[in-house]
Amino acid sequence: PERLLQERGCSATDKIAFVDTPGHKVFDGMRSAASDSADVALLLVAADAGIQAQTREVVRRCAERRQQVHFAISKADVVGATLEEAERSEDVQRLRREMQALWAAEVAR
């Protein structure tokens, strides 16, 4: 993740929080604290699960703070036999469009 973020203009002094939580309400505080304390957000969205309520929550918080956000798709191999097939799959393409639309809608608020 460090090289990926550096390639996208993040500095070594940026604070990064890695948060992996279930969507349960009890984890709201953890997601809130992590998104509020980080300078950069790397949101992993599972290809087989899609955008969940907790994804929308973190995106909203990041957009409000005007944080730099990067989306990544995990479990893409579930929808394709090779990385190239997974990248071209309709499921992954649809998820990319949904993530872009979600971010654009939140930033426009």
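Leaving aside neighbours within four places in sequence, with which residues is glutamate 106 in contact? In this predicted model, the partners are Val59, Arg60 and Ala63, where contact means heavy atoms within 4.5 Å. Glutamate 106 lies in helix α5, residues 90-108. Its relative accessibility is 12%, so glutamate 106 counts as buried (buried: under 20% relative accessible area; exposed: over 50%; partly exposed: in between; 1.4 Å probe, protein chains only).

The model is predicted, so local features need pLDDT of at least 70 and side-chain atom pairs count only at pLDDT 80 or more, while totals for chains, interfaces and linings use all residues. Residues are numbered from 1 along each chain as its sequence is written, and side-chain values use heavy atoms, with hydrogens and water left out.

The protein chain has 5 helices and 2 strands. Helices (H or I, at least four residues) and strands (E, at least two) are DSSP runs, numbered from the N terminus. Along the sequence the pattern is α-α-β-α-β-α-α. Of the 109 residues in the protein chain, 35% are buried. Contacts between residues at least 6 apart in sequence were also examined; 67% of them join residues at least 24 apart.

Helix α2 (residues 28-37) packs against helix α3 (residues 53-65): their axes come within 10 Å and cross at roughly 30 degrees. Axes are lines fitted to C-alpha atoms, for helices over the stretch in contact, and angles run from 0 to 180 degrees between N-to-C directions. The two helices are therefore roughly parallel to each other (angles under 35 degrees; over 145 is roughly antiparallel, 65 to 115 roughly perpendicular, the rest oblique). The crossing is right-handed, meaning that the near helix is turned clockwise from the far one by less than a right angle.

On the α2 side, the contact involves Asp28, Arg31, Ser32, Ser35, Asp36 and Ser37. On the α3 side, Gln54, Glu57, Val58, Arg61, Cys62 and Arg65 take part. By class, this contact has 2 nonpolar, 4 polar and 6 charged residues (nonpolar: Ala, Val, Leu, Ile, Met, Phe, Trp, Tyr, Cys and Pro; charged: Asp, Glu, Lys and Arg; polar: the others, Gly among them).

Serine 35 belongs to α2. Serine 35 is buried, at 7% relative accessible area. Beyond four places in sequence, serine 35 is in contact with Val58, Arg61, Cys62, Arg65 and Gln67. Serine 35 and glutamine 67 are 32 residues apart in sequence, and 8.9 Å apart in space, C-alpha to C-alpha.
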